Amino acid sequence: MSKSPAASAAAVVCTNTGFAWPDGTPVLDGFQFSVGPGRTGLVGLNGSGKSTLLKLIAGELTPTAGSVKAVGEVGYLPQHAALDTHLRVDEALGIAATRAALHAIENGDPSEEHFTAVGDDWDVEERARATLDQLGLHAIGLDRTIGEVSGGESVLLRLAALLLRRPDVLLLDEPTNNLDLPARRRLYDTVAAWSGVLLVVSHDRELLEHVDRIADLRGGEVHWYGGNFSAYEEALTAEQEAAERMVRAAESDVARQKRELADAQVKLARRVRYGNKMYAQKREPKIVMNARKGEAQVSAGKHRALHTERLQEARERLDEAAEAVRDDDEIRIDLPYTAVPPGRTVLTVTGLRTRHGTRADLDVRGPERIALTGRNGSGKTTLLRTLTGDLPPSAGTAEVHVPHRFLPQRLDEVLDHDLTVVENVARYAPEATNNRIRARLARFLFKGARADQQTGTLSGGERFRAALAALMLAEPAPQLLLLDEPTNNLDMSSVRSLVTALHSYEGALLVVSHDPRFLRELSLTRWLTLESGTLTPIDPL
């Protein structure tokens, strides 16, 4: 894409920006942020405010303090924005009116309103088709309806609509969610070619290899790193090694100051005993001894205060050094009763045919860990919902022989956003006491007041943790866990935590994902793919 004058002048500036949710939960306070042309990857822990920042820039949220200004037209692709399934593709692209006017003119209607609607956009259909081709959507006609396309194709259509507008500032929030590998690669090419202001929130490492800089949002502040994600990781590793060395040096200094204070106190105690002895033996005039005693007490006080002050300063340096070391908590799933004995039948699928037309025969035994891959629209989600009984099969049977839980892509199917985290979990374990639920929720990093937060105010990653907690803490405990694109809303730290958690889960696992790096880390026992309506085994990606 060539750089236009408007794109060169485009920028985003946040000045002393504050934002809090209606319940008073603060997200940003006195926030400073400025970014100009180029590709910027915005990373940070779930709940740090990344998606909120994009919504503020896009004008979907209003800051409670300070200002947020975007110079140039803004295009925004949110994480969750379902298109009306009854819309035609040209309506979703925002070109329906222009296209209708163009067709009317071509059919001989010279009305001025048609020329006004077209303006200078005479090649709108060609540009639309070229944009769809660029994103791999060449097979999608402009007259088709959104209900005929897959979830991944819907994401690409929303992106195509933005590209057709040619915005100066492009905001992308987890754009690779639900995209298969070919679609992801096309998105990477689009990002690599962008010349205006691009701000992308993503946990997709491959996507972040195409940015010019990384903005790390942590503790309400942005820390900048030049280069792509690999360069960021190298810089972060060096920072953390230096921070850990500072902690060790500060700990050593605290220990030394403690020893010196103890030594000083011993010496002072000896002086006091010696002075008391001299006073008792009256070897010197009383006035002289009282003067010496007063001087000794003043000196002792100063000495003790000096060493105490040095110790306090050393402790403060230790605290500062410790704050520089990142300590990202990990969720833990070490729950009892999830283990499945080897050889036990978990799932039996015989002659199954789904509504989508997928044919499947499958036996799952023991704690197998299975990946299910396939192109967007191949029917993976429909297959999962058929296996769990959410959808009836067109033919054949699917029998689950153990307690199971299904974590869908749409978390609002699991969570009631008007309830707190504790209340949501209680819906799945009605016999469990409040204290028992809270103790178990701590494993999912919901401690104290965090467990009482309304689910609707949580970030995407926090909602995922709450949904996972609700299912994993359900009674009876699930011995088969089915996950549909579980990494879609997780930051990279949370993905690592999820991998760790799933390693400790002892039940059977069936995972749908387009993230090969995540799948490779799960110690899978089988890989399956849906291709041309048939479930078949494949070699690991």
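Trainee: Which residues are linked in a network of salt bridges?

Mentor: Side chains of opposite charge can pair when their charged atoms come close. A salt bridge is counted when a side-chain nitrogen of Lys or Arg lies within 4 Å of a carboxyl oxygen of Asp or Glu. Here Arg88, Asp90, Glu91, Arg99, Glu125 and Arg129 are linked in such a network. Please note that this is a predicted model, in which local features need pLDDT of at least 70 and side-chain atom pairs count only at pLDDT 80 or more, while totals for chains, interfaces and linings use all residues. Residues are numbered from 1 along each chain as its sequence is written, and side-chain values use heavy atoms, with hydrogens and water left out.

Trainee: How many salt bridges does the count come to by this rule?

Mentor: The count comes to 20. One of them joins Arg39 to Asp212, with the closest N and O atoms 3.0 Å apart. Arg39 belongs to strand S3 (residues 38–43) and Asp212 to the loop between helix H9 (205–208) and strand S8 (213–218), so this pair ties together parts that are 173 residues apart in sequence. Helices (H or I, at least four residues) and strands (E, at least two) are DSSP runs, numbered from the N terminus.

Trainee: Is Arg39 buried or exposed?

Mentor: Buried means under 20% relative accessible area, exposed means over 50%, and partly exposed lies in between (1.4 Å probe, protein chains only). Arg39 has a relative accessible area of 17% and is buried, whereas Asp212, at 31%, is partly exposed.

Trainee: Which parts does the salt bridge of Arg205 and Glu233 tie together?

Mentor: The side chains of Arg205 and Glu233 meet at 2.8 Å, N to O. Arg205 lies in helix H9 and Glu233 in helix H10 (residues 229–281), so the pair ties together parts that are 28 residues apart in sequence. Arg205 is partly exposed at 21%, and so is Glu233 at 27%.

Trainee: Which residues touch the most other members of the largest nonpolar core?

Mentor: A nonpolar core is a set of buried Ala, Val, Leu, Ile, Met, Phe, Trp, Tyr and Cys residues joined through side-chain atoms within 4.5 Å. The largest has 47 residues, and Leu93, Leu157 and Leu172 touch the most other members. Helix H7 (residues 151–165) gives the most to this core, with nine residues. Apart from it lies another core, of 42 residues, including Val414 and Ala467.
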